[in-house]
Amino acid sequence: MSKSPTSRRRRANEVKTRAHSPSNMFTMCRVIGCGRTARAGTQDGLDTRLCRVHADHYSRHGSPYKGSYAAKQIAPYRKLALDWLSAHRDDATVRNALDRVTGLYTAAGAHVEAFRLRGLSPEARAKAAWARLRKAKVDPLRVVAAWLTVEMIIRDDPQPETKLEFKQVQAAKLVHKMASGTHKSWGEGAAVTSLHVYPRSRGRVLRYIGADLQQASELAWEQFKAETKRTGP
């Protein structure tokens, strides 16, 4: 049963009060060498594990300490993934992955402009991201390639972050960039007015996108891994 507006407001006020009431039970951020106070020990949130800096890092990258891979690192792995998927497009596991991504496009619902996302839940924002990809006619093969790319780069990383959440967020960030914004223009010539709005690539929405992508692509990754048995792009 859904909560009433009054109950939701009461809950929101309770959380806000707790967030602005520091607790002496929680002192240090758990990231080794940080030295800052965990957010629950300040007037800046409820996080009992991480300080604001590492909490923000975790939200954006899927790890409180390891950053996202750079475009230069990603490029050769992405090319290998795209080449392999293109050559195996008729294989059952690859067809299944592409069909699953197409299914995510279809089930995403109506397209929502990027500037209308405020107030939507993370799950609804994730669906909106799939709808943007559909509207932009992004080839599902590119989406599946994002998962293979991240699997390969983590596999070859000498100091990898092995948690599944990190992998999902890294892949979701690649997909999110494929159709990340809304772009509109009005008028003509020197009087033209442009609007460019980009949804933020962080938080729980990336976890939803990454989980969807994993479910769609993991069998194709298993086939790729079994066939290639190689290290490095």
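**Figure 1. Order of the elements along the chain.** From the N terminus on, the elements of the protein run α-α-α-α-α-α-α-β-β-α. The model shown is predicted, and its secondary structure comes to 8 helices and 2 strands. Of the 233 residues in the protein, 41% are buried. Among contacts with a separation of 6 or more, 63% are accounted for by residues 24 or more positions apart. The accessible surface of the protein comes to about 13,500 Å², and carbon and sulfur atoms hold 52% of this surface.

**Figure 2. The largest nonpolar core and Trp130.** The largest nonpolar core has 47 residues, and Trp130 and Val143 are those with the most contacts inside it. At least two residues of this core are supplied by each of the helices α3 (71-87), α4, α5, α6 (140-156), α7 (164-176) and α8 (204-228). The largest share, 11 residues, comes from α6. Apart from this core lies another one, of 6 residues, which include Cys34, Leu50, Cys51 and Ala55. Which residues does Trp130 contact, leaving aside its neighbours within four places in sequence? They are Val101, Leu104, Tyr105, Ala108, Val143, Val175, Ile209, Asp212 and Leu213.

**Figure 3. Packing of helix α4 with helix α5.** Two packed helices are described by the angle between their axes and the distance between those axes. Helix α4 covers residues 92-107 and helix α5 covers residues 122-135. Their packing angle is about 105°, and their axes lie 8 Å apart. Angles from 65 to 115 degrees count as roughly perpendicular, and α4 and α5 are therefore roughly perpendicular to each other. On the α4 side of the contact stand Val101, Leu104, Tyr105, Thr106 and Ala107, which meet Lys127, Trp130, Leu133 and Arg134 in α5. By class, the residues of this contact divide into 6 nonpolar, 1 polar and 2 charged.

**Figure 4. Packing of helix α7 with helix α8.** The axes of α7 and α8 are 7 Å apart, and the helices pack at an angle of about 95°. The two helices, α7 and α8, are therefore roughly perpendicular to each other. In α7, the residues of the contact are Leu164, Glu165, Gln168, Val169, Ala171, Ala172, Lys173, Val175 and His176; in α8, they are Leu206, Arg207, Ile209, Gly210, Ala211, Leu213 and Gln214. This contact of α7 with α8 has 9 nonpolar, 4 polar and 3 charged residues.

**Figure 5. Gln214 in helix α8.** Gln214 has its place in helix α8. Is Gln214 buried or exposed? Buried means a relative accessible area under 20%; Gln214 counts as buried because its relative accessibility is 16%. Leaving aside its neighbours within four places in sequence, Gln214 is in contact with Trp147, Leu164 and Gln168. Of these partners, Leu164 and Gln168 belong to α7, where both take part in the contact with α8.

**Figure 6. Ser63 in the loop between α2 and α3.** Where is the place of Ser63? Ser63 is in the loop between α2 (52-61) and α3. With a relative accessible area of 0%, Ser63 is buried. Leaving aside its neighbours within four places in sequence, Ser63 is in contact with His57, Tyr58, Glu161 and Phe166. Ser63 and Glu161 are 98 residues apart along the chain, while their C-alpha atoms are separated by 7.6 Å.

Notes
Residues are numbered from 1 along each chain as its sequence is written. This is a predicted model: local features need pLDDT of at least 70, side-chain atom pairs count only at pLDDT 80 or more; totals for chains, interfaces and linings use all residues. Side-chain values use heavy atoms; hydrogens and water are left out. Axes are lines fitted to C-alpha atoms, for helices over the stretch in contact, and angles run from 0 to 180 degrees between N-to-C directions. Helices (H or I, at least four residues) and strands (E, at least two) are DSSP runs, numbered from the N terminus. Angles under 35 degrees count as roughly parallel, over 145 as roughly antiparallel, 65 to 115 as roughly perpendicular and the rest as oblique. Contact means heavy atoms within 4.5 Å. Ala, Val, Leu, Ile, Met, Phe, Trp, Tyr, Cys and Pro count as nonpolar, Asp, Glu, Lys and Arg as charged, and the others, Gly among them, as polar. Buried means under 20% relative accessible area, exposed over 50%, partly exposed in between (1.4 Å probe, protein chains only). Accessible areas come from the Shrake-Rupley method with a 1.4 Å probe; for residues, only the protein chains shown count as cover. A nonpolar core is a set of buried Ala, Val, Leu, Ile, Met, Phe, Trp, Tyr and Cys residues joined through side-chain atoms within 4.5 Å.
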